[in-house]
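Let's take a walk through this one, strand by strand and then across to the partner chain. Keep the 3D view open as you read.

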Amino acid sequence: MRNKLPSIMQVIGFMTFFLPAIGQAAGLDGKSNLVCAAVDVIACTNGPGCREGSANSFELPQFMFVDFKKQQIHATDETGLDVVSPIRNSEITEQRIILQGTENHRGWSASIDKADGKMTVTSSGPDVSFMVFGACTTR
Amino acid sequence: MSIKTNFVSCTAATLLVATLSVVTPALASDAGAFIGGVLATKVISNMNRQTEAQERQAYNSSRQAAPAPAPAPAPAPAPAAQTPEQRIAQLDKLAAGGYITPEEYKAKKKAIIDSM
């Protein structure tokens, strides 16, 4: 038991000092701009049900960019047009970066895990609500 | 060794920044909506497309699985064959009504009698 105590203390020490450092190393601090890749999509309607597929099968833009300074998320559509979503509200917690906005009678919310960069974007509207799963890293 | 490592890191960082600056679009002033615009439109249109494709597939499979169309209804049965007396009586009516000439009446009557 006495022998185990130092090792437990070492683990706690590691978690205390190094895990936050991993998050910091990734730069997901809510200040550095991010580039995010969409991977999977699940979309549901009020009636028939849900559809899911890859972001590619839904023909979504490959990358989206979070610009904290300009408070916006932007991307380029297939025609080369720049499209932008202003961030109306943002909250940086210990674990996550939460971003919210409204557009065209739809509300959206993005949640980004500060530790591993996993991203979920949800958007709800009168006809269809959808979720986009992906990952972000610093630019 | 340390200098070399730093040089490699700096080069990689420079390349990454250069790549991202190419990938990152410059924001236009007349930018359209992204999440509530392009993203929502893409998702909804692809959902509609998938629904249509599924409905089309279901329709095609139901047509393939459906049994062969029922055969056309059988034609109405022919009226029961008339007896020579009935045929001659009908022939008489036609002659009395002036529908056939006396020559035709005679020829038909002869045919009926011959068929007996």
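In β5(A), A:V83 is the bridge partner of A:A75. The strands here, like the helices, are DSSP runs numbered from the N terminus, with strands (E) needing at least two residues and helices (H or I) at least four. Two strands pair if DSSP finds at least two bridges between them, and β4(A) and β5(A) do so over 5 bridges, in the antiparallel sense. Their hairpin has 5 residues between the strands, and A:G80 takes a positive phi near 95 degrees there.

A word on what you're looking at: this is a predicted model, where local features need pLDDT of at least 70 and side-chain atom pairs count only at pLDDT 80 or more, while totals for chains, interfaces and linings use all residues. Residues are numbered from 1 along each chain as its sequence is written, and chains are lettered from A and ligands numbered from 1 in the order in which they are written.

Back to β4(A), which also pairs on with β3(A): 3 bridges join the two, running antiparallel. A:D67 has A:Q72 as its bridge partner in β4(A). The hairpin of β3(A) and β4(A) has 4 residues between the strands, and A:Q71 is the residue with a positive phi, near 55 degrees. How much of β4(A) is buried? A residue counts as buried if 20 or more other C-beta atoms lie within 10 Å of its own, exposed if 12 or fewer, and partly exposed in between, with C-beta atoms placed from the backbone. By that count 4 of the 5 residues of β4(A) are buried, so the strand is largely enclosed by the rest of the structure.

Further along, β6(A) (residues 89-92) and β7(A) run antiparallel, joined by 4 bridges. A:N89 finds its bridge partner, A:Q100, in β7(A), and the hairpin between β6(A) and β7(A) goes through 3 residues.

Now zoom out to chain A as a whole. It has 2 helices and 10 strands, and from the N terminus on the order is α-α-β-β-β-β-β-β-β-β-β-β. Buried residues make up 27% of its 139 residues. Two residues are in contact if their C-beta atoms, placed from the backbone, lie within 7 Å; among contacts in chain A between residues at least 6 apart in sequence, 40% join residues at least 24 apart. As for pLDDT, the predictor's confidence in each residue from 0 to 100, chain A has a mean of 84, and 81% of its residues reach 70 or more. Residues 11-25 of chain A are where to be careful: pLDDT stays under 50 there, and the model has 5 contacts beyond four places in sequence for that stretch.

Chain B reads quite simply. It has 4 helices and 1 strand, in the pattern α-β-α-α-α, and 8% of its 116 residues count as buried. Compare α4(B), residues 102-114, which reaches 18 Å from its first C-alpha to its last, close to the 18 Å expected. Of its 13 residues the number buried is 0, so α4(B) lies largely in the open.

So where do the chains meet? The contact takes 33 residues from chain A and 23 residues from chain B. On the side of chain A that touches chain B, the strands that each supply at least two residues include β1 (34-45), β5 (82-86) and β10 (128-138). β5(A) pairs with β1(B) (residues 32-33) in the parallel sense over 2 bridges, and A:V83 has B:G32 as its bridge partner in β1(B).

Finish at A:F130, found in strand β10 of chain A. With 29 C-beta neighbours inside 10 Å, A:F130 counts as buried. Leaving aside neighbours within four places in sequence, A:F130 is in contact with A:V41, A:I42, A:A43, A:S123 and, across in the other chain, B:V43.

Methods. The expected span of a helix is 1.5 Å times one less than its number of residues.
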